[in-house]
2 protein chains.
Amino acid sequence: MEFRVLKRCKSNNARLGEIVTDHGRLETPVFMPVGTSGAIKGVSPGEAKDAGVEIVLANTYHLYLRPGHKLIENIGGLHRFMNWSGPILTDSGGYQVYSLSKLRTISPDGVTFRSHLDGSTHFLGPEKVMEIQRSLGADIIMTFDECTPSGAEHDYVLASVKLTEQWARQCLEEGKKNGQALFGIVQGGVYPELREMSAKGLVSMGFDGYALGGLSVGEDKHTRERVIKTTMEFLPKEKPMYLMGVGTPEDIIESVKMGVDMFDCVLPTRNARNGMLFTNKGKLVIKNARYAQDSSPIEDGCGCYTCSHYSRAYLRHLFLSKEILSFRLNTIHNLYYYTHLMNEIRQAIRDDRLAEFSHDFYRGEIESL
Amino acid sequence: MEFRVLKRCKSNNARLGEIVTDHGRLETPVFMPVGTSGAIKGVSPGEAKDAGVEIVLANTYHLYLRPGHKLIENIGGLHRFMNWSGPILTDSGGYQVYSLSKLRTISPDGVTFRSHLDGSTHFLGPEKVMEIQRSLGADIIMTFDECTPSGAEHDYVLASVKLTEQWARQCLEEGKKNGQALFGIVQGGVYPELREMSAKGLVSMGFDGYALGGLSVGEDKHTRERVIKTTMEFLPKEKPMYLMGVGTPEDIIESVKMGVDMFDCVLPTRNARNGMLFTNKGKLVIKNARYAQDSSPIEDGCGCYTCSHYSRAYLRHLFLSKEILSFRLNTIHNLYYYTHLMNEIRQAIRDDRLAEFSHDFYRGEIESL
């Protein structure tokens, strides 16, 4: 993988960049939809591509448990398995072990946990996670980390940062064999000095990119922005920066200004399935009675497949009827909204008008999400 | 609507025909997938078309209850509402009132019933059903009928046939104003003389086509074939014959030989959602462990989108993971299987080799469905 900064903003830390992988080139800042189990929920790979998606995130934890990484390797790797020919990033499972599985036991070697699917016992450590991600064959892979909750105390987070650093070193040794780009994950909770320590430790090892982990775990917005700002100071400006699990359109715009290049979040896809649609005028809850007879599209002027072919009235009807097509048409719109937003952000950086874009965006009366 | 017989088989009553509507031309025998609530469950209109679908059936009963026929009319009719530009046939609701709703009360004017959605009370009669179907704007519409269960006694069915005939006459008077093709529905249960009576009564009124109703309500296969054969004798050879709610590939092949031109059934779509896939070698249950590592498509040589891009291993994984994409990819395959089967049947009639085709089909070791 290659990363290049193409342009930097004058008034903030935002930058336009490009990532080149064996599966294609893309520009940053970029949003990566989540394909948890090897499928972006609700859409086909072709639809995702048509909606502007350029890179997909898949979850190591989920694919390890089902169908198993060896099976995917035998079929020819994740790209072929899920019929996605573009770049893929896999996470390391650290966050899922923390958020989904029960009865975790953390040791210096890794984490023993129970599967959220069937309660069976499993072990994930740095070597194992590298083995899994090698089998999956993503273009960009992540180090194994311990994700600490927002309320974790300083001493706990300190020990955790040291453990995450040790695991990162082991991942780097293993990962070198893979020929995949490997990103280190900065942890450290809400403590600036621990974020600094974590960042410096990882940077001294030299990763292909850096991710900010543990930042959609319940902390408030201001704390998150403070942590991002602090951490970014200690990360090298020539490497891609990935903010994991974030976020709303507003979160993305603010984070781009701080220099973040890559994002992933379940919001556009999950909200779509719940009938919540993103528009430039705020959220639209499709089940509302006011849309029953509404022959207009979700958003006038939107170029997505859904808005080009379907009325709010039909989408409301599909949602109330629990038709499968409802999830899909809603997801197509929300993905398009996100990729279009990123496109506009990139264009604004290119044209030196990100501040104006941001101003106009907020003026568009976006409801808080 | 125009109907023309293009060719008749020498050895049986099968025929190749064409139906021309304002929304396009199609050849018969044809299979119509069911788009109950204005959507073929699991696929988009574009995918259905790519899978070979040429005409869609939608349910008057469902669309009347939700979202309401007036709403659809206000949006511009069902074609526009559901984004399907090809021909549409709507049924009359007679079967759904019989099978889905509770506390039916039948009077000479129509049926009072409770909605299966919310228990609210509704009334459907011939005038109302014609009004609804006019609002929906399908190319082919059906008369309102009483559907009798397979075990109904002779006297009950006799009275029902008379009522259905009376309603058909009222529908014809109303329907003339619509400019839509109107089909009469022959009832009469399993009693040959009542089927004859029903058929003759309808034929004397002169409909654009004739349907055989009340034939997927629990009767056995031999009874059904006997009833079809008997009834067909009394229906005009120059009009299209539609066998409602039937059926399996075997049912379709046998019915084509008796002269049936049109079919509808939920089997391909419903089975797809349950992971049951049609192949020329019988049913394939995708969740079976034997497909876990199987990198081959559902069926070698199948030209559908699913078989062109996905392995059994991936489809099994999606099904077990309850991914929305599972329903869709399975549905695409099953729809393609059905439309491809109809294509082969039509070609066999054209080439005067339907008997050989049928022989080879059964030799393909299709499991009984």
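Two strands count as paired if DSSP finds at least two bridges between them. The model is a predicted one.

I'll start with chain A as a whole. Chain A has 15 helices and 16 strands. Its radius of gyration is 20 Å, close to the 21 Å that the globule rule gives for 369 residues, so chain A is as compact as a globular protein of that length. The C-alpha trace spans about 60 × 50 × 40 Å along its principal axes. Of the 369 residues in chain A, 54% count as buried. If we take the contacts in chain A with a separation of 6 or more, 68% of them are between residues 24 or more positions apart.

Now the sheet. In chain A, three strands make an open sheet, ordered β1-β2-β3, with antiparallel pairing. At the edges are β1 (2-8) and β3 (24-28) of chain A, each of which pairs on one side only. From one strand to the next, the twist averages 15 degrees. Strand β2 of chain A, residues 15-21, is joined to β3(A) by five bridges. Which residue of β3(A) stands opposite Thr21(A)? That is Gly24(A). Helix α14 of chain A, residues 324-350, packs on this sheet and touches β1, β2 and β3 of chain A. The direction of the helix makes about 120 degrees with that of β2(A).

Last, the core. In soluble globular proteins, nonpolar side chains tend to be buried together. Here the largest nonpolar core has 212 residues, and Phe183(A) and Phe183(B) have the most contacts inside it. Leaving out residues up to four places away in sequence, Phe183(B) touches several residues, including Ile140(B), Met142(B), Phe207(B) and Tyr242(B).

Key. Residues are numbered from 1 along each chain as its sequence is written. Chains are lettered from A and ligands numbered from 1 in the order in which they are written. This is a predicted model: local features need pLDDT of at least 70, side-chain atom pairs count only at pLDDT 80 or more; totals for chains, interfaces and linings use all residues. A nonpolar core is a set of buried Ala, Val, Leu, Ile, Met, Phe, Trp, Tyr and Cys residues joined through C-beta atoms within 7 Å. A residue is buried if 20 or more other C-beta atoms lie within 10 Å of its own, exposed if 12 or fewer, and partly exposed in between; C-beta atoms are placed from the backbone. Two residues are in contact if their C-beta atoms, placed from the backbone, lie within 7 Å. Helices (H or I, at least four residues) and strands (E, at least two) are DSSP runs, numbered from the N terminus. The radius of gyration is taken over C-alpha atoms; the globule rule is 2.2 Å times the number of residues to the power 0.38. Axes are lines fitted to C-alpha atoms, for helices over the stretch in contact, and angles run from 0 to 180 degrees between N-to-C directions.
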